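Hi,

Have a look at the structure before you read on.

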2 protein chains.
Amino acid sequence: MVDNKRPLILVTNDDGVHAGGINSLIEMVRPYGDVVVVAPNQSHSGMSHAITVKTPLYINKIKEEDGLNIYKINGTPVDCVKLAINKILDRMPDICVSGINHGSNSSVSAHYSGTVGAAREGTINGISSIAFSLLSYDSGADFSSCVEVFLPIFKGVLEHALPEGILLNVNAPYIKGLKGARVCRMARGKWVEEFIEHEDPRHRKYFWLTGHFENFELDASDTDEYVLNNGYVSVVPLKTDVTDHDSIELFKAFNYETSIIH
Amino acid sequence: MVDNKRPLILVTNDDGVHAGGINSLIEMVRPYGDVVVVAPNQSHSGMSHAITVKTPLYINKIKEEDGLNIYKINGTPVDCVKLAINKILDRMPDICVSGINHGSNSSVSAHYSGTVGAAREGTINGISSIAFSLLSYDSGADFSSCVEVFLPIFKGVLEHALPEGILLNVNAPYIKGLKGARVCRMARGKWVEEFIEHEDPRHRKYFWLTGHFENFELDASDTDEYVLNNGYVSVVPLKTDVTDHDSIELFKAFNYETSIIH
């Protein structure tokens, strides 16, 4: 199906196969290898690392061109990566790129993000994987500025595979004149929920999730939120091993183990 | 709504409010405080840290007793925690417990798990949170053995709050005569997908996710998989900051930053 002499590039996202962001990403990576797109047939924002276990999945090929094949799936971003690896591709991809997401996936938003979930699934399967996001929720957003900075990151990872168990979470502010990229850490923070409340036509009260992000460490210059606010693209290495190794000894000294030996 | 003198205990899960596991968990924690259950109205296995952004949510109170209130939500486990904190409880809970899940959430399964997602959401909001799981998918499983070992862990955390940004992922083998609990780390591994393939009534080929877990480090005695295989409950401290801090300097030395300064 694909020419083994060129890199095999798996592309996915969470906004769905027809979103502007994934099309910009396809254009960005297409010169560098054979591109296979496996993406949800509709928007799956906020799907995190979710998988579909209760319903069957369908694979529909919607485009076949020289060096570009596009499939859509009625599942989550992580489902797309699993189906790509197991049922669509005839060999493991050299790189997996997810996005470009319409909206931020910085700080704790990485936990809610289907874009990041798909990249994490790539990493769990041993593929160098990158999640790309632009800080604009506009479906007609202009991706040209961020692509200028994303491209060297993509090329760097294509040339030098990421260490095992590490993915990159890359976000760009929606501005012209980006200053470059900065490697940094997730800022500590959380979403403060507001929940819009209304009545439905049957007079039942409903709640609709909304809110704003609260940054707990505004002045920390080594965080993604800080560099984004200062005109840089943020590059955060994330781990698939999310054990807090530092606290294992602390908890061992605690009472959990000894109190319950039979 | 609740007596402020007793601990306030938030209970949730991903198997739905009517599952056996959550009812065993409610019985386990009820003597220790006022219990508010906010759980999905149906099974949400594999929902990870997903949130519902495209549809409205409804809160239905289904039980009100002395010291026990139960609500069901048409959303994900993480939605339940968000609605509990923002719309149901009149103060922050002292502890959040999620489960008892019907099935393992050890190793990388923590990424797919809605049970763990709910506990992580509690931790992001500053609540000491624990995910409990039993290694049996049987809806009629007997939770009495695991509860004996889970209870001292729950009591320990209720007495000594967890450090900021840390949740506990606790799994029990489905055996009688558990040897106790062991603090350990996530084993490295992945799910090997098999995807059942059939034709639907309209002769369209479909794929249904299944598979088995592959442990990459069978002999590592400090991992959750190892202790579970040896008759112990595994207690893994997980982080909400999933940055790989160790590799930040490595990536800084790389080419991402310098190649793209405008």
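How do the residues of the lining of the largest pocket divide into nonpolar, polar and charged? Before I get to that, some housekeeping. This is a predicted model, where local features need pLDDT of at least 70 and side-chain atom pairs count only at pLDDT 80 or more, while totals for chains, interfaces and linings use all residues. Residues are numbered from 1 along each chain as its sequence is written, chains are lettered from A and ligands numbered from 1 in the order in which they are written, and side-chain values use heavy atoms, with hydrogens and water left out.

Back to the pocket. Its lining has six nonpolar, 19 polar and two charged residues (Ala, Val, Leu, Ile, Met, Phe, Trp, Tyr, Cys and Pro count as nonpolar, Asp, Glu, Lys and Arg as charged, and the others, Gly among them, as polar). That makes 27 lining residues, and H44(A), M47(A), T76(A), H44(B) and M47(B) lie nearest the pocket's centre. The largest pocket holds about 660 Å³ of space. For both pockets and cavities, the search runs on a 1 Å grid over the protein atoms alone: a cavity is a set of points where a 1.4 Å probe fits but cannot get out, a pocket is an open set with protein on both sides within 12 Å along at least five of seven lines, and lining residues have an atom within 4 Å of a point. A volume is the space filled by probe spheres set on the points, which are joined across faces, edges and corners.

Searching the whole structure turns up one cavity of 30 Å³ or more. The largest cavity has about 90 Å³ of space, and its lining includes H49(A), R120(A), H49(B), R120(B) and K239(B). By class, that lining has two nonpolar, six polar and three charged residues.

Now the interface. Chain A and chain B each put 90 residues into the contact (heavy atoms within 4.5 Å). There are eight salt bridges between the chains (a side-chain nitrogen of Lys or Arg within 4 Å of a carboxyl oxygen of Asp or Glu). One of them joins K82(A) to E193(B), with the closest N and O atoms 2.8 Å apart. The side of chain B that touches chain A has 44 nonpolar, 22 polar and 24 charged residues.

Cheers
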